[in-house]
Amino acid sequence: MVQVAVLGYGTVGSGVVKVIDTNHDSILEKTGIDLNVKYILDLRDFPGDPNQDKIVHDFEVIAGDPEVDIVVEVMGGTKPAFSFSKRALEAGKSVCTSNKELVARHGTELLQTAKEHHASYLFEASCGGGIPIIRPLRTSLCADVIDEITGILNGTTNYILSKMIDEGLEFDDVLKDAQQKGYAERNPEADVEGYDACRKIAILSSLAYGKRVDFTDIYTEGITKITSLDILYARKMNRTIKLLAYSKMQDGCVTAMVAPYLVGKEDPLYSVNGVFNAIFVHGNMLGDAMFYGQGAGKEATASAVVADVIEAAAFLGSGAVSSWKPEKQALTDVSGTEKRFFVRVKGEVSEAAEMEKVFGPVETVQAGIEGEYGFVTACMTEKQYEDCAAQVQGILGMIRMRDK
């Protein structure tokens, strides 16, 4: 029997226990692995809960029990999640987590610690909730050279943008709705400012390209500046707005960015709505592969965590291979990346000729909004756009165009 300890009995932690208990016989039949939750670490007690007898309040109980083979860390944050995870690995216990902040900040060290102690450090649920993406990068796609990853990596922001587009609502109103439904945290900054997606693309890029990608180096914009007027223009262009995270390897250099993009109907990402996520991976032999599914939620995330527990159990004593080099991957300045830009500006469309003097040829867009109009530039670098924009008065907003 493989003994498991779960750190944190919140939404995901209780989901992990539920999956192991509910699907115990199915897992045993399919894999031959007999899982049992021996401990649940939490500061609280849960009177009346069927698992109350497994609740402990002191991590030392788990750390000192040689019967515990696998520790599931679903506490969130980095303190004390990092110290608990490292101590478990040093004791030869494998660790499985959904904690993308911990993996993004300390994954390199924890992977090295796992390797040194013949344990596994697995984090499938950290990047796509229930979508399998980490394991395919480690195993199924290992014969390919991965050179690009692009995706919708945050269900909260995708839900907010989808709701704004479908119902013509403003950001603040939809955010309140998302919080009431449990899709957004009370403090939604990590989601709406793009930090969550940034951490996820850093983890995926580290695995794909083999060196540590520091999430603090990635240029990141959120969705807080998107308005219902931007939505009107998007509709006029037969496009929608998505918060995209991408990274690309070219000639040994990696470029990464998180920002809102205008996405056309011909793009498969156009129809990814609500809390769903989608991730495109491009390989030099495979071409494009798309991974799609529910990126968050108790059962979906817990299912991915338990899949890691099963893999860790299969590699007890040796450790599953999952790593990247500790050497830092330098990122190319995004100022040199090329794309088209949609710009909203004060004035009348008849004045567009003045914009062409600065930006070159533009395509004008009218959405019936008094006192302003929009235009789309030709393809130019981020630096060229910034230089042009600095010469113009009355710019109301800019969104990048995703052209496939």
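**Exercise 1. The open sheet**

Which order do the six strands of the open sheet have, and in what sense do they pair? Work from the predicted model.

*Solution.* 
Step 1. Read off the order: β3-β2-β1-β4-β5-β6.
Step 2. Check the direction. The pairing in this sheet is parallel.
Step 3. Find the edges. β3 (55–56) and β6 (121–122) each have a single partner strand, so one side of each is left without a neighbour in the sheet.
Step 4. Zoom in on one pair. Strand β1 (residues 2–7) and strand β2 (residues 35–41) are parallel, with six bridges. Within this pair, Val 4 faces Val 37 of β2.

**Exercise 2. A strand with two partners**

Find the strands that pair with β16, and say how many bridges join β16 to each.

*Solution.* 
Step 1. Locate the strand. β16 covers residues 341–346, and five of its six residues are buried.
Step 2. Take one partner. Strand β20 (residues 395–402) runs antiparallel to β16, and five bridges link them.
Step 3. Take the other partner. Strand β18 (residues 372–377) is also antiparallel to β16, again with five bridges.
Step 4. Arg 344 stands opposite Gly 397 in β20. Arg 344 also stands opposite Gly 374 in β18.

**Exercise 3. Stepping from loop to strand**

Compare Gly 371 and Glu 372. Decide for each whether the residue is buried, partly exposed or exposed.

*Solution.* 
Step 1. Place the residues. Gly 371 belongs to the loop between β17 (362–365) and β18. Glu 372 belongs to strand β18.
Step 2. Apply the cut-offs. Buried means under 20% relative accessible area, and exposed means over 50%.
Step 3. Classify Gly 371. Its relative accessibility is 32%, so Gly 371 is partly exposed.
Step 4. Classify Glu 372. Its relative accessibility is 12%, so Glu 372 is buried.
Step 5. List the contacts, leaving out residues up to four places away in sequence. Gly 371 touches Val 345, Lys 346, Gly 347 and Glu 348. Glu 372 touches several residues, including Leu 229, Tyr 233, Arg 344 and Leu 396.
Step 6. Gly 371 and Gly 347 are 24 residues apart along the chain, and their C-alpha atoms are 5.2 Å apart.

**Exercise 4. Backbone details in loops**

Locate the cis peptide bond between Lys 79 and Pro 80. Then examine phi at Asn 238 and Asp 251.

*Solution.* 
Step 1. Check omega. For the bond between Lys 79 and Pro 80, omega is about 5°, and the bond is cis. Pro 80 sits in the loop between β4 (68–73) and α4 (81–90).
Step 2. Turn to Asn 238. Its phi is positive, about 55°, although Asn 238 is not a glycine. Asn 238 lies in the loop between α12 (228–236) and β10 (239–250).
Step 3. Turn to Asp 251. Its phi is near 55°, also positive, and the residue is not a glycine. Asp 251 lies in the loop between β10 and β11 (253–264).
Step 4. Look at the accessibility of both. Asn 238 has 46% relative accessibility and counts as partly exposed. Asp 251 has 77% and is exposed.

**Exercise 5. A residue in a helix**

Is Leu 161 buried or exposed? Which residues does it contact?

*Solution.* 
Step 1. Read the accessibility. Leu 161 has a relative accessible area of 1%, so it is buried.
Step 2. List the contacts, leaving aside neighbours within four places in sequence. They are Ile 223, Ile 226, Ile 241, Lys 242 and Leu 243.

**Exercise 6. The whole protein**

Why does the radius of gyration agree with a compact globule?

*Solution.* 
Step 1. Count the elements. The protein has 15 helices and 20 strands.
Step 2. A compact globule of 404 residues would have a radius of gyration near 22 Å; the protein has 23 Å, so the two agree.
Step 3. Check burial. Of the 404 residues, 55% are buried.
Step 4. Check contact range. Among contacts between residues at least 6 apart in sequence, 72% join residues at least 24 apart.
Step 5. Look at charge. The mean positions of the 41 positive and 58 negative charges lie 1 Å apart.

Key. Residues are numbered from 1 along each chain as its sequence is written. This is a predicted model: local features need pLDDT of at least 70, side-chain atom pairs count only at pLDDT 80 or more; totals for chains, interfaces and linings use all residues. Side-chain values use heavy atoms; hydrogens and water are left out. Helices (H or I, at least four residues) and strands (E, at least two) are DSSP runs, numbered from the N terminus. The radius of gyration is taken over C-alpha atoms; the globule rule is 2.2 Å times the number of residues to the power 0.38. Buried means under 20% relative accessible area, exposed over 50%, partly exposed in between (1.4 Å probe, protein chains only). Contact means heavy atoms within 4.5 Å. Lys and Arg count as positive and Asp and Glu as negative; His and the chain ends are not counted. The place of a charge is taken as NZ of Lys, CZ of Arg, CG of Asp or CD of Glu. Two strands pair if DSSP finds at least two bridges between them.
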